[in-house]
Structures are given as structure tokens and as C-alpha cells.
Amino acid sequence: MPERLIFEYSSEGKKGYSLPEMDVPVESVEKFIGNRHLRKNLPELPEASEIEVVRHFTHLSQENFSIDSHFYPLGSCTMKYNPKINEDVARFPGFTNIHPLQPEGLSQGSLQMMYELEQCLAEISGLSRISLQPAAGAQGEMTGMLMIRAYHKAMGSPRKKVIIPDSAHGTNPASAVLSGYEVVEVKSDNAGRVDLEDLKRVADAECAAFMLTNPNTLGLFEKNILQISNILKEHGILLYLDGANLNAMLGLCRPGDMGFDVVHFNLHKTFSTPHGGGGPGSGPVGVKEALVPFLPVPVIEKKDECFYLNYDISKSIGKVQGFYGNFGVMVKAYAYIRTLGAEGLKEVSENAILNANYMKKRLEGYFALPYKVGCMHEFVLSGSEQKKAGVSTKDIAKRLLDYGFHPPTVYFPLIVDEALMIEPTETETKEVLDKFCDVMIAIAKESKENPDIVKSAPHTTPVTRLDEAKAAKELDLRWKKATGD
């Protein structure tokens, strides 16, 4: 039975709090604010007891999907389980009680942690220096693009265009445009990777950078990456890595060794923090030596065993985030990296790749598989066969809810018809992967034998199929008291 609204528990006179008597003089609020800023009527808030409030929100939480209770096969989002010890470390009093305006002399432990995190990320990526400032992957992207623009300007021309693949994340063109560039699209070849001939066609001296995700959003490694890098170098074009899928390469290969000049990391995806509504992000940016002078200020330096913030960088693009970034996320990432070590991080990627290929093999006979080669950490199916029976990919996603699974990413990447992008991550057991595959196979069979049950799903959730277009256009979240009419 669906949980009731908190207003439906309400009745006049109920209270869920007890406050002590005031021990200071009471003043009228009008004295400080003025009547014109005060409400004419009291807000219609629910009146409920403490236990009703606790039970209400506990019940609501149990109706949600969460990574602690469900498998999240969300492609390109890396919604993996994160060890709770990292949350514990982030709550150490020395970290939680610090203030960003605290003097450097009283912040040595935190500065050391950030400095060492930078060193870890530089080693993992094969880059020279890292800025921890950006607070999200998209902000990291824009920071990288602004550094690229500053670099080309210092070289005599800011250039006008940025090359982006047709399979890219939507934030890539957005970051390029916000940084003042025109976007030029490069096509994918029949194997789902960058079409080298099309890249040669669009690459010229007007292009500032090529923004590339590797592995790409199809879960395929760009095996021609060294050729791509050489094509770009002929025109002085910088190579930028969208690090959304970096969890497929940890300990196996390094972006810097492939020719990438700029890389943004998602600490909240690759290096342990609840992602997607579960907490803040963090999008550090790493660069090769030529771009170090353009890093945001401040950068953390070390001298005579002391750590300090250096603002004296003449070519810096300036600050991109208040203070020094999302500090708590950095702590979790540092704890994750130090706990696993080099071998553990490598195992993360190996297990993610193994899990994805295992699932792909189990499902390929029941769904269309646009690209049949081995994948990295994620793979993309197509619901094109089910569509012939009138069952859409959205219907499949809704039907998964009836079986207790959160659906994967759907309709992305855009170059795959009826796309289902599945990323099992390294944290799930074979039993969970098999259960999900069994359900997907059952839905594929239902789509042939009883398509109506799939097209009308979900049936068991607190709220069944909604008219999404109407809900978006006629949004009404106001609570109305029952009138008895």
C-alpha cells in the first residue's frame, strides 16, 4: 500500500517537538522585519507526532531504490556501492571541524591530504599536475576547456572550434560552447569508434581541442587512440579526456601515455562517493606540463615539509570554485585510493570489465547487440527487436521496476536505436548479475508472448504508469485539504 501524505497524518494540536522556555527577552518580529514582509496567514503545515513523522519518512525511504538495497545498472554513471569506511574517514573531527578560512599553519593535515591526492591522481593518469577545485565533472570539463583556450591564446590564437564525437556525453558540447567554441561533430565508424577519415576531414588549425571519452559511451576502447593523437598533433590540437569512464582503465593504462593533454576525473564516480542525488560531486582536472601555468589558483605546494597555497601563477585562469573544492569528497577519494593501492585499483577495472562482458554474453541472444566486439566496463543493447512487437525501451525499463530492479540508462547514446546502456560495476556479485540477466531475459520473452503486460508496466510500484508529458506540463505539487464534496 502506498505511503500516505504527511498531511494525511495531520490533526490539530499534534506536536513532534518540545522546546525549552525562552531565557532571553522576547521581541516582536515586526520590529526587525516590518509588516510588509510578513505573512498575512500562517503556512498550512502538517501537525503530526514525532513517531508519525519518523515512520512516514522511513516508509518513504523503503519505497525508494538505493545503492544500499538495489542493483543500479546505470551506464556511464557508475552507480556503484562505495565502502562505508570512506564515509567514516570523511567524518573524522580533524576534517569535519576544519574551516576553509583557517590559516595554512593550522591546516597542514588537510593540505597534505589534498597534496597527496593530487599526486595519486597524477600517477594514475600519467599527467603532471592536478587541480582539485572543480566541484563536478561538468565544471571540470569547463575548467579544462578554459585552460585550453588560455593556452592557445598564449600561443597566439585562441582558435574557434572543438571536435566532439557523435557518441559524446551532452556536457561535452555544452562545456565547449560555454567556453566560447563552435562544436564540430566527428562520426563513429561501423565498429562504434572514432572514424579516423572523418577526423582527418574536420581537424585543422582552427580546432583547439578534441573532447573524447575513452572508453566511449558504447563501452568500447578507442584502440586507435595513438593514431588519433598523431592526427591532432599535426594541427596543434590538444586532446581532452572526459574521465566519466576512467573506472575501466585504472592500473591498466594511463591517459597521459595515450597522448591526452587534459583529463577531468569524477571522484564521485570512479573513486568512491554516493553519486546522483546521494551527495556532492568533485571534478578535478589534470594537465600535461605545457598547461600547468594555466591551472586555477591556488595550487598546493610543499616547501621544507610545510604545505601552502600558491596564488602566484601569472597565466592562471583564476578561481573556478569557492575555496578549494568539495573537500569531503576528496577525503573519501583519498581513503579509497590508499585503501586499495595500485593492485586494488587495477582489480577494480578488471572486475568491472569482466562483469560487463559476462552480462553482455548472457543477454546478446535476447536483445539486439549493435556492436558485438568485447566491451570494457559497460555495454549497449538495443530494444529494436522488441519494438517490432510494439514494446519500447521505455516499456522494458518500466517493467524492470516490477521485478525490483532500477532500470539502466535508456535512449543513450543517441547513435543506437532504442538503446539500453548497462554498467554492472565491479562491486556486484555474480548472483546479482545473473538475477538481473534472468529478469531481462524474462522481459524479452514477455515482449513476444504477452507484450501488453510490458507496455502497461509498472504494476507493483506505489505509483503506476504516469502520463509523463502531462505531468511535466501540468505540474501541481500543492496539497489540497479534503472538502468532503
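Residues are numbered from 1 along each chain as its sequence is written, and side-chain values use heavy atoms, with hydrogens and water left out. Because the model is predicted, local features need pLDDT of at least 70 and side-chain atom pairs count only at pLDDT 80 or more, whereas totals for chains, interfaces and linings use all residues.

**Domains and core**

The protein chain is assigned domain 1 (6–61), domain 2 (85–340) and domain 3 (348–470); such bounds come from an automatic or database domain assignment. Taken over C-alpha atoms, the centres of domain 1 and domain 2 are separated by 46 Å.

A nonpolar core is a set of buried Ala, Val, Leu, Ile, Met, Phe, Trp, Tyr and Cys residues joined through side-chain atoms within 4.5 Å. Here buried means under 20% relative accessible area and exposed over 50%, with partly exposed in between (1.4 Å probe, protein chains only). The largest such core has 56 residues, of which L199, F210 and F271 touch the most other members. Its largest share, eleven residues, is supplied by helix α12 (residues 327–363). Helices (H or I, at least four residues) and strands (E, at least two) are DSSP runs, numbered from the N terminus.

Contact means heavy atoms within 4.5 Å. Leaving aside residues up to four places away in sequence, F271 touches, among others, L121, I124, L246, L250 and F265. Its contacts also include K332, A333, Y336, I337 and L345.

**Helix α7**

In helix α7 (residues 171–178), the buried residues are N172, S175 and A176. They lie on the same side of α7 because they cover an arc of only 100° around the axis, the arc being that of the directions from the helix axis to the C-beta atoms. Among the elements covering these buried residues are α6 (137–154), β2 (161–165), β3 (182–186), β4 (207–213) and β5 (238–242). On the face turned away from the buried side, α7 carries the exposed residues V177 and L178. After α7 comes G180, with a positive phi near 95°.

**Three-stranded sheet**

Strands of a sheet pair through backbone hydrogen bonds, either parallel or antiparallel. An open sheet of three strands has the order β10-β12-β11, with antiparallel pairing; two strands pair if DSSP finds at least two bridges between them. The edge strands, β10 (379–382) and β11, each pair on one side only. β10 and β12 run antiparallel and are joined by four bridges; L381 has L420 in β12 as its bridge partner.

**Backbone exceptions**

Most residues other than glycine have a negative phi, and most peptide bonds are trans.

| Site | Backbone value | Location |
|---|---|---|
| N214 and P215 | cis peptide bond, omega about -5° | P215: loop between β4 and α9 (225–233) |
| A457 and P458 | cis peptide bond, omega about 5° | P458: loop between α16 (451–455) and α17 (468–473) |

T78 is buried, with a relative accessible area of 2%. E418 is also buried, at a relative accessible area of 8%.
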